Amino acid sequence: MSPYALLIAPFADYEFLRRALVGALALALGAGPVGVFLMLRRMSLMGDAMAHAILPGAAVGFLFAGLNLFAMTAGGLIAGLVVALLAGIVARTTELKEDASLAAFFLVSLAVGVTIVSARGTNIDLLHFLFGNVLALDDQTLLLVAAIATLSLVTLALIWRPLVLECVDPGFLRSVSRAGGPVHIVFLALVVMNLVGGFHALGTLLAVGLMMLPAAAARFWARDITLMIAVAVAIGILSGYCGLLLSFHSGVPAGPAIILVAGAAYAGSVLLGSVGGLLRRGIPRRHLEA
Amino acid sequence: MNAQVQFRNLTLGYDRHPAVHHLDGAVECGALIAVVGPNGAGKSTLFKGIVGVLKPFSGKIDLCGLRARDIAYLPQQAEIDRTFPISVYDMVAMGLWRQAGLFGGIGRKERDRVEAAISAVGLTGFEQRPIGSLSGGQMQRVLFARLLLQDASLIVLDEPFNAIDTKTAADLLDLVRRWHAEQRTVLAALHDLDMVRANFPEVLLLAREPVAWGQAGEVLTPENLLKARRMCEAFDDQAAECAA
């Protein structure tokens, strides 16, 4: 098979693959940087929890309007934000830590969501909810995902300084500015927004994949946050491209294929990464003179 | 002399238990004060009250018109995430927040100031190092460089020289003296009484209650120190309500 037939022809020949590629690219651009911040704030699992929290909201939208993009997006956004705020309130007002309260909320959310979808829809609908359908992105959905990516990048640029400071030295930020609280909420909104975008393409269970896997992999390649974000976005985009090719040539479902490639990139980074990768640690090198 | 900070019958604490009990007095503008006392004496609590992290149970802290951003605070245990990928340069540059704020640019002049601050704490050459690779003393130097840039009129240092070698402590103490010479007000919680006697004209000896406050030589007497040491560290769960 020629390189053209292997790497480019599928996208040249099939419109649905081109759409899927654009969707994956937009997701990687928006979710990658958000994932890096989640990871650096030790909130990686929170992304997972939030992704599940979106489900009942989207399901309620589905209940009222069927597979309607607007209703499901609005439902997902509202549910995600409500759970994020409730978990934050429970963590702040009780002894329970934020991760534990989130775990409680997301388990309940997942159960509620699956119940609602099952009550009204078919098993196909449920599969669509859980795993998405990256090969069936229509214009509206593509526009939504692209808009979310744009909004994320612009917002991150605006809140960059206090967000970084909130991660490194929250006490100092408190002493010089009151921006900490609002910035945290804006950041949570970004997480929810990107997960809703990912939800349409990859479904609840995989939406977090394009957010966290590239971020975790990028940690092994960069010591500087800007570079780390660039690497995460690149890994996300490559995962989308390679995953779609893998799916096209081998018949693996597209969503899982993308996440599998991202997973492989993560495994490869853990092994080979230039910053603290296992191989580097494993090879003994003579120590330096000073 | 004008007062910079006024304590009026101030009581601060946790869970209704006082950690600073009925403190009265004034910190003059440009004063250099060492706050000494055993562990649990309320030094950190007092500082948290001054910077507004902790609200008083009763009484008042009057900052005489100082705004929050005029106060630079070095906490004892900064909640700094040392694993975060940020360079020494960027960490120090955060001290410019007061001028730059959320969006303000950092120009030639500001970059010069950042470099001057890094060199003043003896970290030239470390600019691009991630903060995770620094030793404890080097990290403290970074935080002092950031304090330098903050250009605050009141500087509050909570045990700034703990777990730090004598060379680093001496270097950082030079900066404290420099702030004093620039008429800034400096409050520092310290344990090394020799260092206090040699460098701090004024001392507040605290043991939950204020034991003595004044000239270093008059405060750091054996009787006062003994009195401070006798202070009971633990809160009394059966303590009655304070009538005063």
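**Notes on the predicted model**

1. Strand S6 of chain B is covered on both faces: Leu154(B), Val156(B) and Asp158(B) are buried on one side, and Ile155(B) and Leu157(B) are buried on the other. The model under review is a predicted one. Counted by residue, S6(B) is mostly covered, with five of its five residues buried. The division between two faces may be read against a general rule: in a regular strand, side chains alternate between the two faces of the sheet.

2. What is the order of the strands in the open sheet of chain B? The six strands follow the order S5-S6-S7-S3-S8-S9, and their pairing is mixed. Strand S5 (71–74) and strand S9 (209–215) of chain B are the edge strands, each of which pairs on one side only. From one strand to the next, the twist averages 15°.

3. Helix H1 (residues 43–51) of chain B lies across strand S3 (32–36), S5, S6, strand S7 (185–189) and strand S8 (202–207) of chain B, and runs at about 150° to S6(B). Helix H9 (residues 222–229) of chain B lies across S8 and S9 of that chain, at about 155° to S9(B).

4. Helix H5 (residues 136–150) of chain B passes a simple geometric check. With 15 residues at 1.5 Å a residue, H5(B) should span 21 Å, and its end C-alpha atoms are 21 Å apart, which agrees. H5(B) is mostly covered, since eleven of its 15 residues are buried. Among the buried residues are Arg141(B), Phe144(B), Arg146(B) and Gln150(B). The buried residues pack against S5, helix H2 (88–93), helix H3 (97–100), helix H4 (108–120), S6 and helix H6 (166–181) of chain B.

5. Backbone angles call for some attention. Just after H5(B), Asp151(B) takes a positive phi of about 55°. Cys64(B), also not a glycine, has a positive phi near 50°; Cys64(B) lies in the loop between strand S4 (58–62) and S5 of chain B. Gln183(B) has a positive phi of about 70° although it is not a glycine, and its place is in the loop between H6 and S7 of chain B.

6. Met195(B) belongs to helix H7 (residues 193–199) of chain B. With 17 other C-beta atoms within 10 Å, Met195(B) is partly exposed. Met195(B) and Ala169(B) are 26 residues apart in sequence, and their C-alpha atoms are 9.8 Å apart in space.

7. At the level of the whole chain, chain B has nine helices and nine strands. Its radius of gyration is 19 Å, close to the 18 Å that the globule rule gives for 244 residues, so chain B is as compact as a globular protein of that length. The C-alpha trace of chain B spans about 60 × 40 × 35 Å along its principal axes. Of the 244 residues in chain B, 39% count as buried. Among contacts in chain B between residues at least 6 apart in sequence, 71% join residues at least 24 apart.

8. The contact between the two chains takes 18 residues from chain B and 20 residues from chain A. The side of chain B that touches chain A has 13 nonpolar, one polar and four charged residues.

9. In chain A, helix H10 (residues 209–218) is mostly covered, and ten of its ten residues are buried. Those buried residues include Gly209(A), Met211(A), Pro214(A) and Ala218(A). Their cover includes helix H2 (15–40), helix H3 (44–65), helix H9 (180–207), helix H11 (225–250) and helix H12 (254–272) of chain A.

Definitions and conventions
Residues numbered from 1 in each chain as written. Chains lettered and ligands numbered in written order. Predicted model: local features only at pLDDT ≥ 70, side-chain atom pairs only at ≥ 80, totals over all residues. Contact = placed C-beta atoms within 7 Å. Nonpolar A, V, L, I, M, F, W, Y, C, P; charged D, E, K, R; others polar. Helix = DSSP H or I, 4+ residues; strand = E, 2+ residues; numbered from the N terminus. Rg over C-alpha atoms; globule rule 2.2 N^0.38 Å. Buried ≥ 20, exposed ≤ 12 C-beta atoms within 10 Å, placed from the backbone. Pairing = 2+ DSSP bridges. Axes fitted to C-alpha atoms, helices over the stretch in contact; angles between N-to-C directions. Expected span 1.5 Å × (residues − 1).
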